[in-house]
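Open the model in your viewer and keep the selection panel at hand. This tour goes stop by stop: select, look, move on.

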Amino acid sequence: MSSEIDIAAAVRTLASVLPEKALPAALHEPEFTGAEKKMVADCLDSGWVSYAGPQVKAFEAELAHVCGRKHCIATVSGTSALHAALMVAGVERDDEVIIPALTFVATANAVAYCGAVPYLVDSSSDTLGIDPDKLAVVLKGIAQKNGRHVRNRKTGRRIAAVVPVHVFGHPTEDVRLAQIAAEYGIPLLVDATESLGSLRDDKPAASFGDLAVLSFNGNKIVTTGGGGSIVTDNDTIAERLRHITTTAKKPHKWAFIHDELGYNYRIPNLNAALGLAQLARLDDFVARKRKLAVAYHHACQALPGVTFVDEPANTQSNYWLNAIALHRGDKRDALLEALDTAGLKARPLWELMHRLPMFADAPRASLSVAEDLQTRIVCLPSSPKLATP
Ligand SMILES: *Cc1c(COP(=O)(O)O)cnc(C)c1O
């Protein structure tokens, strides 16, 4: 199983998957060859460039539809969407929020913006996200029900939410995760920032959880330049999200009355116009990225010491980032260096959250799988245009 990688052969084989003229190939590039220019220009001509504008409404309606949700509130970034979602889920100062150690820093940052503390849990090597069996064991070990609330018996803090992350677009087992969290009355808030267009059991990845969050940063599968969204089926939560992301301003013909601490988090119309043009191409982006994944998968079968990271069972991933797992981590940096020289802008996994200075003291479970994966996974260039027709 743990055979030795041949770096030169790996670079040659992985490069052979990509079209000849594609090198150097970035990790992920946006593509604006559809109606993007026209829709942004039309938006400029209309004079509606900030958050009040018809494109924001249209973008939110389309996104709610794509995610199979009743409501969508579009925001300035995925991070601000996470922050707002955590607030309306009831996360308060000195609470704990369960997140995977293996995630992009924004998940942990949003928890900290609430004055709360991330509680780090391990990942599954099948989904790269929170392992339901391990979550059940962790909660059994630390959770103590106390009336309506559940506390971490070791830290005394209330456990306010569980946030699974769909790493590289691969959906986690969110129905099971939600059931486990619900046993303790804890809401599930899904970080689906990487999984727009992915499905689990034929349902959109962002249709799971009490709330789900999306991102439209420039490197995501669909971009608005910068942007994000929260989707939910809950009317009350949706109304509250709209309110606090619009400076908590009470609707009135002229008066400026803000009835609580609010945020200027709504997406500008200009960005929503770009997003509408991009959303129209989501199916095409997903189809091409899945084709690229098949090509990488086949190429890896000829490579000793390398396994392609396939979509989890019962899912159809958008393969936002294609990735390989080396059987051993000791040659990872040599491979990254060789790929870089050959024009393949590959990247390692994120540094785990407890290894970043601001989260070094975060309470945590055993993180053995995440710690192992972190040394062995390499992300490959994954732009849709890299799929050969
Ligand atoms: C992209 C991303 C976010 C949010 O990103 P923004 O850049 O703020 O839009 C959050 N979590 C994960 C896992 C991400 O990949």
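## Start at helix α8

At the start of α8, look for a side-chain oxygen of Asn234, which comes within 2.9 Å of the backbone nitrogen of Thr236. This is a predicted model, so read each stop as a feature of a prediction. Now select the helix itself, residues 235-244: its buried residues are Ile237, Ala238, Leu241, His243 and Ile244. Show what they pack against: β1 (71-75), α4, β10 and β11.

## The ligand site

Select the ligand next. Around the ligand are 16 residues, and the closest are Gly78, Thr79, Glu194, Ser215 and Lys220.

- Gly78: a backbone N or O atom sits 2.7 Å from a ligand oxygen.
- Asp191: a polar side-chain atom sits 2.9 Å from a ligand nitrogen.
- Lys220: an N or O atom of the side chain is 3.2 Å from a ligand oxygen.

Taken alone, the ligand exposes 380 Å², and the protein buries 91% of that.

Stay on Lys220. Beyond its neighbours within four places in sequence, Lys220 is in contact with His28, Thr193, Glu194, Ser215 and Trp320.

## Thr172

Jump to Thr172, in the loop between β6 (159-162) and α7 (174-182). Buried or exposed? Thr172 counts as buried because its relative accessibility is 0%. Its side chain makes a polar contact of 2.6 Å with the side chain of Asp174. Leaving aside neighbours within four places in sequence, its contacts include Thr127, Gly129, His166 and Arg200.

## Backbone stops

Most residues other than glycine have a negative phi, and most peptide bonds are trans.

- Leu23 to Pro24: the peptide bond is cis, with omega near 0 degrees. Pro24 is in the loop between α1 (7-17) and α2 (36-46).
- Asp94: phi is positive, near 70 degrees. Find this residue in the loop between α4 (78-88) and β2 (96-100).
- Tyr319: phi is positive, near 45 degrees. The loop here runs between β13 (315-316) and β14 (322-326). Tyr319 counts as buried because its relative accessibility is 5%.

## Salt bridges

Side chains of opposite charge can pair when their charged atoms come close. The whole structure holds 25 salt bridges. Visit a few.

Select Asp42 and Lys38: their side chains form a salt bridge at 2.6 Å, N to O. Asp42 and Lys38 are four residues apart in helix α2, so about one helical turn separates them. Asp42 is partly exposed at 36% relative accessibility, while Lys38 is exposed at 54%.

Next, Asp95 and Arg158 meet at 2.7 Å, N to O. This pair links distant parts of the chain, 63 residues apart: Asp95 in the loop between α4 and β2, Arg158 in the loop between β5 (149-152) and β6. Both residues are buried.

Then go to helix α12 (residues 368-376), where Arg376 and Asp372 lie four residues apart, about one turn of the helix. Their salt bridge spans 3.0 Å, N to O. Arg376 is buried, with a relative accessible area of 16%, whereas Asp372 is partly exposed at 35%.

For the last stop, select Glu31, Glu36, Arg281, Asp284 and Arg288 together: a network of salt bridges links them.

Technical notes: Residues are numbered from 1 along each chain as its sequence is written. This is a predicted model: local features need pLDDT of at least 70, side-chain atom pairs count only at pLDDT 80 or more; totals for chains, interfaces and linings use all residues. Side-chain values use heavy atoms; hydrogens and water are left out. Helices (H or I, at least four residues) and strands (E, at least two) are DSSP runs, numbered from the N terminus. Buried means under 20% relative accessible area, exposed over 50%, partly exposed in between (1.4 Å probe, protein chains only). A polar contact is a pair of N or O atoms within 3.5 Å; within protein, one must be able to donate a hydrogen and the other to accept it, and residues adjacent in sequence count only if both atoms are side-chain atoms. Contact means heavy atoms within 4.5 Å. A residue is near a molecule or strand if one of its heavy atoms lies within 4 Å of it. Accessible areas come from the Shrake-Rupley method with a 1.4 Å probe; for residues, only the protein chains shown count as cover. A salt bridge is a side-chain nitrogen of Lys or Arg within 4 Å of a carboxyl oxygen of Asp or Glu.
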